[in-house]
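Student: I've got a new model open and I'd like to talk it through. Can we go over it together?

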Amino acid sequence: MGYRVGVDVGGSFTDFAVFNEADASIATLKVFSRPDAPGAEIVAGLEALEARHGIAASDITYFTHGTTVGVNAVIQRNGDDIALFTTRCFEDVLQLGRLKIPRIHDLYSARPAPLVPRYRVFGIAERMDARGQVLLAPQRADVLAAIESVRAAGCAGIVISFLHSYRNPENEKAVKALIGEVAPELPVFCSSETWPIIREYERTITATISGYVQPRVARYLDSFERVLRERGVACPLHITKSNGGVMSIDQARAECVQIILSGTASGVIGAGYIAAASGFPKVLSLDIGGTSADVAVIVDGQPQYGVGELIGDFQIYVPSVSVSSVGQGGGSVAWVDEMNVLRVGPDSAGSTPGPACYGRGGVRPTVTDAMAASNLLGHAPLGYDAVVVNRAAARTAIAPLAQALGVSVEEVAGNIVAVSVSGMYAEVSGLISRFGIDPREFHLFAFGGAGAMLACFLARELDIKGVVVPPTPGVVSALGGLIADLKNDFIRTLYIDVDDAGVAGLAAPYAALRERALGWLRDGQGYTGEARLAVSADMRYQGQSYEIETQLEPAWLENGDTRAIVAAFHAEHERLFGHADAHGAVQLVNLRLVVAGHTPKPPLLPLPAATDAAVPLKTVAAWFDGVQLETPVYARMQLRAGHCFGAPAIVAQDDTTTVIPPGFSVNVDGFGNLLITPQRKEA
């Protein structure tokens, strides 16, 4: 018995969730992030855990960590310089992409500059046909000349992406071996090893992103592991993945593309677990930190997954939790543009110096400062006593905006919140359309340091059932990493017709994928429990350009059940698009397999029932929409199951503040969640 620890490093705070295996209790903690000294926040957190809860580093038996190093490297374009080897005459693959305009309604929209500029792309004379037959093997002299050019350009690594390597990786492997022979100092990333999918650009951009972030991620993970070992943490270390699972730190170093959305996915997994266990089958998760607001669709505890998620300016095609992000967080900076229009974000004050009201040297006004200036924050210490809100500093930071706009500080503060919420509303509306959901059937599940602070303001704009704020919303992402299962994805491009002849050949590739998956789980992760396998296929009608993922049963593949496979595809097409062609010829492009191993989950403990009415700590004069209202402030730790009260109201706790504007009612459910329901007007 010991302690299982989940850590999420955000832009402003680093969150800890600790599961005591002896009594199933959960301890939580926040410390300031240290982008100036990565790893220092981990040390500070371990020291605080020992001081507050008596948890020594040597008592930790499991440690998992969500990181944003990879995604930040792509967004900020500060990864290492790398080279790209392509099939000769295909050197423009990254420039051409899919010839899509990023914003189709913007006449000035331009495609982003590629991560690897054209002068660092080298064509290699080689060729593979679409069936996987080698037409031309790479020549040694040709590759050696390209390596010398790479060295002259000062590149830190090489990505190899040749035509049709998903069918046969022989040419990519030959070039990789030659690079290892003559230039062992250069790391090599093959598209056939990164994610072997059929389309050239999609495979190339995924491998390129992997190579672009790998050196930076590897250095971070090395530092992270060294810090933990020096502090006495001896257990195996795990990293959360984009697909909502976890894997060993050694695999994360080698396959960093799998953790590109690590931190974001952790929050969605944590939200799904708490929502399902609390009895909320349909939720939109709203994770607001210091930099961004992230929204995902969760049904029956399971988030929606997809490929082609947007990372900065680029899509990445590994399976990921589907999350929509907008640069509106608690630390997003408010400013006035050249047209004298108030704007919010995407710049963030981050952790250092942070919002002005944190008293850490920040002077630029943020969304958090707007809430503080409205007297909606600062009625209890934040961040587990790390922050005492300075409302006067917040007002001072906002004053120049008020002067420029010719209105009061309170009015500007309210407008900052309104502008921020409008950006979130646009993103949520797109997500609702993308998945075809009815928001009236969903609750908004709010977490992150600023999620509970802003959720009700967003809910007012959505026709939604209500808002759910879990007991410790500020550390849900850390909890998500703690409870995430071991999980990995495998893919094999087959490109077959779904007829009796084609389906008869599915048993062998399925068996090969299954063997690889079980090997990864047993040998690679050391897991000895029951393995869970899920199989699916990317399928389409003959002549269609893109596929839809269809869930399959292993027995259909093993027994060659053509009718069941085709019927499953027709049903999925009908569900997604409202129609299906029962007589249409069907093709199977990719066969997919997901393997998972269960990790322990802390139970949700019931909250004691209330024996009397909820009593506020005090009443303050706070501003809502430009109007000052007397507002009660409640202490979250004093609330019990069955407590209810009206709005406006403020609920203060260690890791966040929940702000409830007029027009809502609040009930505390049996698990301690705040269920905030809009008061419907009579028709």
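Student: How many bridges join β29 to strand β30?

Tutor: Quick ground rules: this is a predicted model, so local features need pLDDT of at least 70 and side-chain atom pairs count only at pLDDT 80 or more, while totals for chains, interfaces and linings use all residues. Residues are numbered from 1 along each chain as its sequence is written, and side-chain values use heavy atoms, with hydrogens and water left out. Strands here are DSSP runs (E, at least two residues), helices likewise (H or I, at least four), numbered from the N terminus, and two strands pair if DSSP finds at least two bridges between them. β29 and β30 (residues 627–635) run antiparallel, with A622 standing opposite L629 in β30, and the number of bridges joining them is 7.

Student: Which strands stand at the edges of that sheet?

Tutor: The sheet is open and mixed, with 4 strands in the order β29-β30-β32-β33. An edge strand has a single partner, so one side of it is left without a neighbour in the sheet.

Student: Is S420 buried or exposed?

Tutor: S420 lies in helix α12 (residues 409–435). Leaving aside neighbours within four places in sequence, S420 touches Q328, V344 and V367. Buried means under 20% relative accessible area, exposed over 50% and partly exposed in between (1.4 Å probe, protein chains only). S420 has 0% relative accessibility, so it counts as buried.

Student: How many disulfides does the structure hold?

Tutor: A disulfide is a pair of cysteine sulfur atoms within 2.5 Å. The sulfur of C155 is 16 Å from the closest cysteine sulfur, in C190, so that's too far for a bond. For C190, the nearest cysteine sulfur is that of C256, 14 Å away. The count of disulfides is 0.

Student: Where is N340 found?

Tutor: N340 isn't a glycine, yet its phi is positive, near 65°. With a relative accessible area of 42%, N340 is partly exposed. N340 is in the loop between β21 (332–336) and β22.

Definitions and conventions. Contact = heavy atoms within 4.5 Å.
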